[in-house]
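Biologist: Could you take me through a close look at one part of this model? I am new to reading structures, so please go step by step.

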Amino acid sequence: MAADSTPAIVASHFSDADNQETAATLGMWIFLATEVLFFGVLFAGYAVTRLIHPEAFGNGGRHTDVLLGSINTAILLTSSLTMGLAVRASSVGWRRSSVTWLTLSAILGVAFLVIKGYEWYHESLEGLLPGPGFDYSGPDVPGVELFFFLYFTMTGAHAVHLSIGILVVASVAVLAARDKFSADYHTPVVLTGLYWHFIDVVWIFLYPLFYLVSRS
Amino acid sequence: MSAQRQANAVTATAPDKASGSPPERAPPAWPYWLTWLALLALQALNLGSAYLPLGPFNLVINVGISIVKTLLVMTIFMHLARSSAVMRIAAVAGFFFLAVLLGLSLGDYLTRPT
């Protein structure tokens, strides 16, 4: 079994496997910086819209499901733990432990999406989906509609990222199970971990901005 | 030479795999568990504080807690605490330009006469 372990394949322009992994990790961080700005524009839009419609954001915020949102936050935070332990296990070549933690991370990601989908379904039934079917009565209807436009766009963009993350984690778990990684070579696990934690960070900000507005 | 290196790697990892016992070079797992507990505690604080009538400070506390949680995830889970300077600069770059975007946007909207 151990004899099948994949040694690091070092491209000719890198001096060694560590050098190669450092370059790949730096590339991932630069990609994540562009992702910060992708979501950053949406957060800036949220800030400006909330400044213009403070009361509508309070009224809209009381219509999101704080219980399911809190459960989902705990699920994602826990998935970051399992991902961290997966990267740790793979960095010392523990194949089985790495596969277990990766699989758990993917399962927690799927659980998050299931709960999120349930929330979206119920909100659309309540008529909170912006568009011709938007059905909300109260003060500043356009402001509340903007709140829900941002809610669906930002949680939707997050869910797309998480879906990609789940597919990547599942693929890496399969590769790990086939013994493609070793203590010498586990860069894909490290990079997948960085992407996964980034998705967690985005949700850490989405949670208070959409679920904890004007609860007092 | 690479075959030699591969052989060394195999002999080094084979006993661990056979017995399933951790080799000495494994980093400790407790920082991950401790960070997880801290993140859950901060989430509880986030949720609890939202129900206190603190006016504008509800938002300040919420965002402040989120920033602390993000720093925990980035330093421990994403290993920035033991990463090289170039990695940290790349990690901070996105947030720096996000701060420029938010600063200039809010600098406009917060100072408009109503």
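To get my bearings, in what order do the elements of chain A run from the N terminus on? Then please zoom in: at what angle do helix α2 and helix α3 of chain B pack?

Modeller: Happy to! This is a predicted model, where local features need pLDDT of at least 70 and side-chain atom pairs 80 or more, while totals for chains, interfaces and linings use all residues. Residues are numbered from 1 along each chain as its sequence is written, and chains are lettered from A and ligands numbered from 1 in the order written.

Chain A runs α-α-α-α-α-α, with six helices and zero strands (DSSP runs of at least four and at least two residues). Its C-alpha atoms fill a box of roughly 70 × 30 × 30 Å along the principal axes.

Now to your close-up. In chain B, α2 (residues 30-50) and α3 (residues 57-77) pack at about 170 degrees, with axes 10 Å apart. The two are therefore roughly antiparallel (over 145 degrees). Their contact (C-beta atoms within 7 Å) involves residues including Y32(B), L39(B) and L42(B) of α2(B), and I61(B), I65(B) and L72(B) of α3(B). By type, the contact residues divide into 13 nonpolar, five polar and one charged.

What follows α3 of chain B? S84(B) is found in the loop between α3 and α4 (85-109). S84(B) is exposed because 12 other C-beta atoms lie within 10 Å (12 or fewer is the cut-off). From S84(B) to L110(B) is 26 residues in sequence and 38 Å in space, C-alpha to C-alpha.

Finally, chain B is divided into domain 1 (28-82) and domain 2 (84-114). Their centres, taken over C-alpha atoms, are 21 Å apart.

Definitions and conventions. Axes fitted to C-alpha atoms, helices over the stretch in contact; angles between N-to-C directions. Parallel < 35°, antiparallel > 145°, perpendicular 65-115°, else oblique. Contact = placed C-beta atoms within 7 Å. Nonpolar A, V, L, I, M, F, W, Y, C, P; charged D, E, K, R; others polar. Domains from an automatic or database assignment. Buried ≥ 20, exposed ≤ 12 C-beta atoms within 10 Å, placed from the backbone.
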